[in-house]
Amino acid sequence: MKTAIVTIGDEILIGQIVDTNSAWMAHKLTLAGFEVTETQSIGDNAKQIKDTIDCLSGRVDVILMTGGLGPTKDDITKKTLCEYFGTELAFDDSVLENIKNVISSFTSLNELTRNQAYVPKDCVVIQNKVGTAPITWFDYNGKVLVSMPGVPYEMRYVMENEILPRLQAKFDPEAYLKRVFIVRGYTESALAMHLEDFENNLPEGFGLAYLPSPGLVKLRLFVRGEHRLDELDEHVKKLQGLLGEAILAEKDLPAEKLLGQRLFEKGLTLGTAESCTGGNIAHMITSIPGSSNYFKGSVVSYANEEKINILHVAKESLDKFGAVSEAVAIEMAQGAQRILNVDCSIATTGIAGPAGGTEEKPVGTVWICTRYKDKCVAQKYQLGRYRESNIIRASNLGMVQLLDMLG
């Protein structure tokens with residue numbers, strides 16, 4: 001079933017907020033078997049809303065809209081949908097009761113909030129259990145249009161508990177089958193060249209998608225239809241043979257979660273000593289719920305004085321080899337392991353850029369040292385010229401390097 005996602009709101013178009021709804025919805029819809037063919041962001045403009053519905057209705061079976069359902073005058077979606085479908089707003093007592101239940105614990109009912117109980121007469125009204133804006137479902141000409149609130153947590157609750165189950169019951173879409181590989185050691189183009197023959201010989205209906213991130217590539221093999229599961233498994237084995245040890249994981253997870261799972265399974269603890277990454281590795285690791293079970297802390301030793309005073313890096317090493325060196329990276333990792341009293345450590349020191357490079361050590365030069373108990377690996381990487389990319393890539397590489405040591 002072809003599906004379109006439309007986010008409504010001037011605040012999206014002017015960059016005041018970021019549209020996270022589309023990405024989340026597209027992911028959930030794809031897993032449920034729906035084919036998301038397009039997403040659009042439009043303003044709070046009645047003509048634009050109507051024109052968008054007209055255009056999309058000729059191309060898709062389902063239109064999912066979010067936004068423009070608040071109680072203020074700039075929220076016009078509900079009124080515009082009435083005009084489009086030739087109906088009118090009517091007061092719904094059941095919606096009012098739901099609104100009262102939602103707000104009773106933190107505020108009282110005012111006139112604007114009460115007006116949220118006005119809904120289009122000719123539609124299916126779905127109660128919003130976590131907000132005051134009801135959801136409206138329109139069936140027309142064999143198509144479905146659903147209007148939901150733009151507040152992300154409200155939309156997510158409604159999608160998972162109401163909309164997706166109803167859409168699946170109505171359309172019974174084919175299952176979306178996929179296998180994901182996290183691949184290291186390749187750029188996106190190099191990986192595509194390596195897999196060119198494999199990709200060219202995939203049967204009709206199969207696809208291979210590449211999603212690069214600094215230091216890693218996420219590879220997705222996919223097909224629609226439960227009846228093709230055996231075929232999918234056959235091509236998974238071929239990919240495993242072609243990629244070998246380049247496969248970091250066969251899970252759709254970021255490096256920080258893969259590392260966290262490995263540490264937790266082994267009962268190990270981790271700390272970091274970060275210079276060029278500026279605490280980004282610690283940030284990535286602690287973004288995962290439950291990371292307190294294995295992550296103990298970080299020393300962001302950006303200045304040489306802190307490398308000496310906190311991590312006890314030898315001044316002689318800094319004078320002789322410089323901060324961006326194998327010797328300093330090793331001593332930083334040792335210092336973090338000792339000071340934080342951890343089983344494992346990751347240390348980074350480098351030139352993130354855009355300035356600071358030399359002929360001997362150009363921008364993007366990074367030394368990473370990882371320790372696992374008394375084992376130590378120090379590796380030099382030559383990254384790019386762009387600061388943000390270098391920080392993210394060095395962070396990923398540090399976590400991957402430790403994952404390799406943990407086995």
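Start by selecting Gly350 and Val366: in strand β16, Val366 is the bridge partner of Gly350. Helices (H or I, at least four residues) and strands (E, at least two) are DSSP runs, numbered from the N terminus. The model is predicted, so local features need pLDDT of at least 70 and side-chain atom pairs count only at pLDDT 80 or more, while totals for chains, interfaces and linings use all residues. Residues are numbered from 1 along each chain as its sequence is written, and side-chain values use heavy atoms, with hydrogens and water left out.

Next, select β16, residues 365-372, together with β15; the two pair in the antiparallel sense over seven bridges. Strands count as paired if DSSP finds at least two bridges between them.

Are its residues buried or exposed? Seven of the seven are buried, so the strand is largely enclosed by the rest of the structure. Buried means under 20% relative accessible area, exposed over 50%, and partly exposed in between (1.4 Å probe, protein chains only). One side carries Cys344, Ile346, Thr348 and Gly350, the other Ser345, Ala347 and Thr349.

Move on to Pro354, in the loop between β15 and β16. The peptide bond from Gly353 to Pro354 is cis, with omega near 5 degrees.

Then select Asn341, in the loop between α15 (326-340) and β15. Its phi is near 55 degrees, a positive value, and Asn341 is exposed at 57% relative accessible area.
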